[in-house]
Amino acid sequence: MKLILRYLLLSLLLSLVAKMADATEATEATEATEATEATRPRVGLVLGGGGARGAAHIGVLEVLQRLKVPVDCVAGTSMGALVAGAWVAGMPPTTMRQAMAQADWNDMFQDNPEYSEMSQRHRNISRAYLPGSESGVKAEGVQYQSAVVTGQKIKLFINQLVRANQEERPIESLPLPLSIIATDIGSGERVVFRDGSLTKAMRASMAVPGLLAPVDHQERKLVDGGLVDNLPVAEVRERCQADVVIAVNVGSPLLNANEVGSLLTVSAQMVNILTEQNVSRSLASLKAQDIYIKPDLDGITAGDFGRNAEAADRGRQAAEALASRLAQLAVSPERYAAWQRGIEVTQKTSPHIDEIEIIGLRRVNPLAVARHLHVKPGETLRPSVVNPDLMRIYGDGYYESVDYTLLRERDRNILRVTPTEKAWGPDYLRFGMNLYADSNQGSSFGVRLGYHKTWLNDLGGELLVTGEVGSNSRLGVNFYQPIDPAQRYFVDLTVGAEQRRLNLYENNHRFAQYRVFERSAFASIGHQLGVLGTLRLGWLQREIDSTLDIGLPLFPNFEERIAGARVSLDIDQFDRMHFATRGWAANLSYFESPQDSYGKASLDLRGAYALGATVLTGRVAYVAATRGELPLFDAGSLGGFQNMTAFAYNQLLGDDVRYAGVRAERIVGRLPLGLRGDMRLGVSFEAARIGRPYTERTADGLLDSTAVYFGGETPFGPIYFGYGRSTSGASNLFLSVGTR
């Protein structure tokens, strides 16, 4: 028995000794690991600029996360600033990848909201003039816009990335030291944001000169930091005394000499030269222990934002190729998890709004801004609500940007809306042009100029003077006066004079051309139906004289004086001004002329729907006399593109005109960012019936038209080129450029 006890005691003693040895060994290993991590090198991460190529940074961040490599400070330029700011503000790379994929980058470089969200007045003015032609009229002379794009939608996208709807996060409050690089376009100096508004710094660093408007900051105008420091290696060495720099270069290589030929490529090459020069200096400062990552981004340009997922994958591949070196900077899973918890922001509900402020206005009445705000005190602030509200405000046309900040003051959450009125306003010059040529009536052209004075008074009165010279000549004055601060009701007065040509046809041949001179005045009172459209009731007076200019006098010269009441409803809910992909529009009007014994009803309905890259568009129209008979100068008319294309412009005139048409368009390409939109190949099928024809008097049955065409939205307005043919024998080869 004693022998057994001795054996058990000996076994227990040996077991305790073994456990003590294991514990000592584990303690020594832990202490060694902690000592190693405590003395690990300080890591600075540098994310360079490169436009759309900067999405490669997301793939690099994914690899750093997988390998458990913490960093101690971050510096970013341009697109690198966007990724760096979002990441340090708490957005994981996987979430960032999704946000980039969901963004409509083509739309983001078009400042205006959806066409349906613009005010009806701004829609009407925009249709008459070329995009981007607006210039300011000041006492010191004409002032021009600073860039193709003001960056309104880009700024709201940045806000959403960093969750600005939850709180305003200054750079100095972020969990990691962050530096964002911009350039003072006035002095050429390098500007580094280490504190202040995070979203403002990100937007400034992305302001490519000429494309995106500069950002005003402390009496400076700031643009893309890539001009002075596209790969800010020195910044992280200074900011956190980085021992090891991970530098990610996604800059665009220089073009070959034979690739530089257009204004766009020359401008791009100039920026690339400046960028590559400062990148070369940064690369020369790298040390042996630093890690340089240059993803293979061949074939992806700075404007290929639609290929962001591919760029991110290539960035990941480049980082994986250096995984063995990056892994040397890794820490234990527990240590990395603690580091990551420090930079990630948990998803939380936005606080309730206690108060809404609208600040910074000089001329615009704050109530004209407030009418677009759907978020109310007591509600939470959601991007899905506030972003469309701000875009509707921007769509009034008075601002170069509309932004917001969520502030916390004395336990109160204040939503501060900051519309920035156009520096080149409030008086503008606008320019328009049109060219139309077809195989039936030759060519016509016009150059249009508008002088637009806004905010003549506290209610938002406007004066628009227009003049046009060319095949048709016009001069008009429009006075528009809202009669309540929210601009829901208005009065409108338009007077004008016009000289135009009226071609008359028979058997598809032009037999006469009349010169028509018209003087008109229209006074109305109206109601803005939100952004849906307008309802008007007014009195129209017209004086019309016509004389035969060329051809056979089958119609006598006439002088007409008419006056009557006109009521109209104009609704436009298309998503785009030209080349819509979805939406609908309705235009209804009725004119009653007691002294001339006739009434006229008009109806025009349109709709568009997209199936992938194919857009289907339909239209029906109707014009008829409700009493008496329509005079020649006020008849229903058909002819021209999208209005019985096989026939010349206004070739078919008559009473009781009915029309239906359908088009199918295939999107075959897009112009570069900022230079407008779709290029389409289309086919149309149209049919019409004229109850009482005034021209083409034998065409009293069903008429048809089939056309094929190519078109696109350009800086010169919409362009169409195509050919239409009818079984009646009419055919038309046409070219249309600009606004009509």
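The structure is a predicted model, in which local features need pLDDT of at least 70 and side-chain atom pairs count only at pLDDT 80 or more, whereas totals for chains, interfaces and linings use all residues. Residues are numbered from 1 along each chain as its sequence is written, and side-chain values use heavy atoms, with hydrogens and water left out.

## Overall dimensions and burial

Taken along the principal axes, the C-alpha atoms of the protein fill a box of roughly 135 × 65 × 55 Å. A residue is called buried under 20% relative accessible area, exposed over 50%, and partly exposed in between, with a 1.4 Å probe and protein chains only; on this scale 49% of the 740 residues of the protein count as buried. Contact means heavy atoms within 4.5 Å, and among the contacts in the protein with a separation of 6 or more, 65% are accounted for by residues 24 or more positions apart.

## The disulfide

A disulfide is a pair of cysteine sulfur atoms within 2.5 Å, and the structure holds one. This disulfide joins Cys73 to Cys240, with an S to S distance of 2.1 Å. The pair links distant parts of the chain, since Cys73 belongs to strand E2 (residues 73–77) and Cys240 to helix H10 (residues 233–240), 167 residues apart. The torsion about the S-S bond of Cys73 and Cys240 is about -45 degrees, so the disulfide is left-handed. Cys73 counts as buried at 0% relative accessibility, and Cys240 is likewise buried, with a relative accessible area of 2%.

## Salt bridges

With a salt bridge taken as a side-chain nitrogen of Lys or Arg within 4 Å of a carboxyl oxygen of Asp or Glu, a search of the whole structure finds 57 salt bridges.

| Salt bridge | N to O distance |
|---|---|
| Arg220 and Glu189 | 2.7 Å |
| Arg488 and Asp484 | 2.9 Å |
| Asp604 and Arg606 | 3.8 Å |

In the salt bridge between Arg220 and Glu189, Arg220 lies in strand E8 (residues 220–224) and Glu189 in the loop between strand E5 (178–184) and strand E6 (190–193), so the pair ties together parts that are 31 residues apart in sequence. Arg220 is partly exposed at 28% relative accessibility, and Glu189 is partly exposed with a relative accessible area of 40%.

In the second pair, Arg488 is partly exposed, with a relative accessible area of 46%, whereas Asp484 is buried, at 9%. In the third, Asp604 is buried, with a relative accessible area of 17%, while Arg606 is partly exposed, at 30%.

## Lys600 and the salt-bridge network

A network of salt bridges links Arg448, Glu468, Arg474, Glu498, Arg500, Glu518, Arg542, Lys600 and Asp634. Of these residues, Lys600 is found in strand E23 (residues 598–611) and is buried, with a relative accessible area of 15%. The side chain of Lys600 also makes a polar contact with the side chain of Asp634, at 3.0 Å; a polar contact is a pair of N or O atoms within 3.5 Å, where within protein one must be able to donate a hydrogen and the other to accept it, and where residues adjacent in sequence count only if both atoms are side-chain atoms. When neighbours within four places in sequence are left aside, the residues in contact with Lys600 include Tyr590, Phe591, Val623, Leu630 and Asp634.

Strands of a sheet pair through backbone hydrogen bonds, either parallel or antiparallel. E11 and strand E13 (residues 412–421) run parallel and are joined by four bridges, and Ile356 stands opposite Leu415 in E13.

Technical notes. Helix = DSSP H or I, 4+ residues; strand = E, 2+ residues; numbered from the N terminus. Pairing = 2+ DSSP bridges.
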